Structures are given as structure tokens and as C-alpha cells.
Amino acid sequence: MVNIQIKGIDELIKKLGMFKASEILEPTMRWALDRLWRQIVPYPAKPIGSTYRRTMMLGKTWNKKVDQTSTRLVGSLGVDLGIVPYARYVQDRDRQAWMHKGRWKTIQDVAEKETGTIRRQFEIEIERSLR
């Protein structure tokens with residue numbers, strides 16, 4: 001799991017309340033999940049000489065979801081392990097099998113690469129809303 005800490009959220013909630021703050025930040029949350037999703041879903045090129053026939057199931061099962069309650073706004077990006085239990089051996093840095101290392105992006109690598117951009121976008125939206 002990857003968490004991104006955003007400055008200013010407490011101040012925004014204090015000023016507008018949780019529901020209104022979540023309402024304001026939901027489009028940015030969806031934008032952030034889309035940004036991550038677009039980078040994790042594409043498959044790398046097949047290895048030269050590979051005869052493996054791809055099912056494309058891994059890419060099809062990545063999903064994104066935003067949950068808004070009265071106390072929080074949470075964005076989730078994940079893969080359905082019930083359908084593709086091997087996903088962790090392909091796109092999870094801590095469990096990635098040797099044959100996928102260096103070829104397949106991991107969700108941790110993508111999230112780390114995008115953290116600064118995502119954080120800045122949230123902070124811009126928060127700053128705009130606090131004016």
C-alpha cells in the first residue's frame with residue numbers, strides 16, 4: 001500500500017467540514033488514480049524469442065475506486081487477486097519474480113515516481129479552496 005501525505009488537508013477540513021472538503025478534492029483524487037493507472041496497466045514488450053501467449057488479464061483487472069464517507073476520502077488502485085493471483089509476482093516490488101524485474105513496472109515504483117506531482121496537484125487545489 002502506498003500513502004501520500006498532503007499538507008493543508010486538516011486546515012481545509014477545519015474551514016469547510018469533511019464533506020465539503022472531500023467534495024472539492026474528489027476530482028483531484030480521480031485524476032491522481034487515472035495518472036497512476038495509465039502507467040501501471042501497459043504491458044512491456046515481450047522478451048525476444050518468447051512463445052508465451054498473453055491473456056491480457058492482468059491489465060484488465062487493475063481497477064480504481066474513490067470512497068467518500070463523512071470522515072474520509074480514500075482513493076484505491078489495485079488488482080483483483082481472485083482473478084489474477086499471480087499479479088503480486090509481476091507488479092509488486094516486494095514479491096516480483098526474477099523474470100519480471102526490470103521489465104514490468106511495479107505499483108511502488110510508479111507511485112514513488114508520481115508522488116511529487118500528485119502531492120502538488122492536491123496542494124494547489126487546497127490552496128485555491130482556502131482563499
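Student: Which residue stands opposite glutamine 68 in β2?
Tutor: Leucine 73 in β2 stands opposite glutamine 68. This is a predicted model, where local features need pLDDT of at least 70 and side-chain atom pairs count only at pLDDT 80 or more, while totals for chains, interfaces and linings use all residues. Residues are numbered from 1 along each chain as its sequence is written, and side-chain values use heavy atoms, with hydrogens and water left out.

Student: How many bridges join β1 to β2?
Tutor: Seven, and the two strands run antiparallel, with β2 covering residues 73-79. Strands pair if DSSP finds at least two bridges between them. Helices (H or I, at least four residues) and strands (E, at least two) are DSSP runs, numbered from the N terminus. β1 and β2 form a hairpin, with four residues between them.

Student: What does serine 22 touch?
Tutor: Not counting residues up to four places away in sequence, serine 22 touches Gln68, Arg72 and Leu73. Contact here means heavy atoms within 4.5 Å. Serine 22 is found in helix α2.

Student: Is serine 22 buried or exposed?
Tutor: Serine 22 counts as buried because its relative accessibility is 1%. The cut-offs are under 20% relative accessible area for buried, over 50% for exposed, and partly exposed in between (1.4 Å probe, protein chains only).

Student: OK, the core. Which residues touch the most other members?
Tutor: Leu25, Met29, Ile40, Leu58, Trp62 and Phe122, out of 24 residues in the largest nonpolar core. α2 (18-40), β1 (62-68) and α5 (107-130) each supply at least two of the core's residues, and α2 gives the most, with eight. A nonpolar core is a set of buried Ala, Val, Leu, Ile, Met, Phe, Trp, Tyr and Cys residues joined through side-chain atoms within 4.5 Å.

Student: And what is leucine 25 in contact with?
Tutor: Leaving aside neighbours within four places in sequence, leucine 25 is in contact with Ile9, Leu12, Leu73, Phe122, Glu125 and Ile126.

Student: Switching to charges: how many salt bridges does the structure hold?
Tutor: Ten. A salt bridge is a side-chain nitrogen of Lys or Arg within 4 Å of a carboxyl oxygen of Asp or Glu. One of them joins arginine 30 and glutamate 26, at 2.6 Å, N to O. Those two residues are four apart in helix α2, so they are separated by about one helical turn.

Student: Which glutamate does arginine 93 form a salt bridge with?
Tutor: Glutamate 112, with the closest N and O atoms 2.9 Å apart. That pair links distant parts of the chain, since arginine 93 is in the loop between α4 and α5 and glutamate 112 is in helix α5, 19 residues apart. Arginine 93 is partly exposed because its relative accessible area is 31%, whereas glutamate 112 is exposed, at 53%.

Student: Which residues are linked in a network of salt bridges?
Tutor: Arg35, Lys113 and Glu114.

Student: What about methionine 56, what's its phi?
Tutor: Methionine 56 has a positive phi of about 70°, although it is not a glycine. Most residues other than glycine have a negative phi. Methionine 56 sits in the loop between α2 and α3 (57-61), and counts as partly exposed because its relative accessibility is 36%.

Student: Last one: where is glutamine 96?
Tutor: Glutamine 96 lies in the loop between α4 (88-91) and α5. Glutamine 96 counts as buried, because its relative accessibility is 10%.
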